[in-house]
Amino acid sequence: MKIKTTYNIRLICNDLVDQSKKEGLLFSKGILFFVLYDQETPIAFFGLKINNKTALIKCDYVSKDYRGNKLLYKMIKYRLEWLKKKAPSIKKVFANTTEMATSSHIKAGAKILNQYKNKITKVEYEIL
């Protein structure tokens, strides 16, 4: 599997974006996307919103046919390693996770900051 980066996710995997929106994924501007391929087919994407000293994990989506392969955990770890190499000034990374994704974030080293009534959990990673 290979990974490519883009700020224009629709240009690379429009069908996956449409699927993700039907499942409730929300997008914002200024996200660096990582697109995961199986051969030449995009099967997942995940994003980072990079600020001066922090980053926010955003927009994780895996095609239904590829779910259950621990890809979310691998995508989280990939972003953290990418930040260590490409953006060493970033020392804290945050994510607002769904109930289903929180365990993958905890496994990847996140600490819970807040659990909201709408079942969203805010987590934080410290990159050393």
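Which residue forms a salt bridge with R10? I found that D18 does, in what is a predicted model, with the closest N and O atoms of D18 and R10 2.9 Å apart. I then looked up how open the two partners are, and noted that D18 is partly exposed at 30% relative accessibility, while R10, at 34%, is partly exposed too.

Next I turned to E23 and K64, whose side chains meet in a salt bridge at 3.9 Å, N to O. E23 sits in the loop between helix 1 (9–22) and strand 2 (32–38) and K64 in the loop between strand 4 and helix 2, so this pair ties together parts 41 residues apart in sequence. I recorded E23 as partly exposed at 41%, whereas K64 is exposed at 56%.

Within helix 2 I looked at E81 and K84, which lie 3 residues apart, about one turn of the helix, and whose side chains form a salt bridge of 3.5 Å, N to O.

Last, I checked the largest pocket, which holds about 960 Å³ of space. It is lined by 31 residues, of which L25, D60, Y61, T98 and A101 are the closest to its centre. Strand 4 contributes the most to this lining, with 7 residues. I also noted that the lining residues divide into 16 nonpolar, 9 polar and 6 charged.

Definitions and conventions: Residues are numbered from 1 along each chain as its sequence is written. This is a predicted model: local features need pLDDT of at least 70, side-chain atom pairs count only at pLDDT 80 or more; totals for chains, interfaces and linings use all residues. Side-chain values use heavy atoms; hydrogens and water are left out. On a 1 Å grid over the protein atoms alone, a cavity is a set of points where a 1.4 Å probe fits but cannot get out, and a pocket is an open set with protein on both sides within 12 Å along at least five of seven lines; lining residues have an atom within 4 Å of a point. Grid points are joined across faces, edges and corners, and a volume is the space filled by probe spheres set on the points. Helices (H or I, at least four residues) and strands (E, at least two) are DSSP runs, numbered from the N terminus. Ala, Val, Leu, Ile, Met, Phe, Trp, Tyr, Cys and Pro count as nonpolar, Asp, Glu, Lys and Arg as charged, and the others, Gly among them, as polar. A salt bridge is a side-chain nitrogen of Lys or Arg within 4 Å of a carboxyl oxygen of Asp or Glu. Buried means under 20% relative accessible area, exposed over 50%, partly exposed in between (1.4 Å probe, protein chains only).
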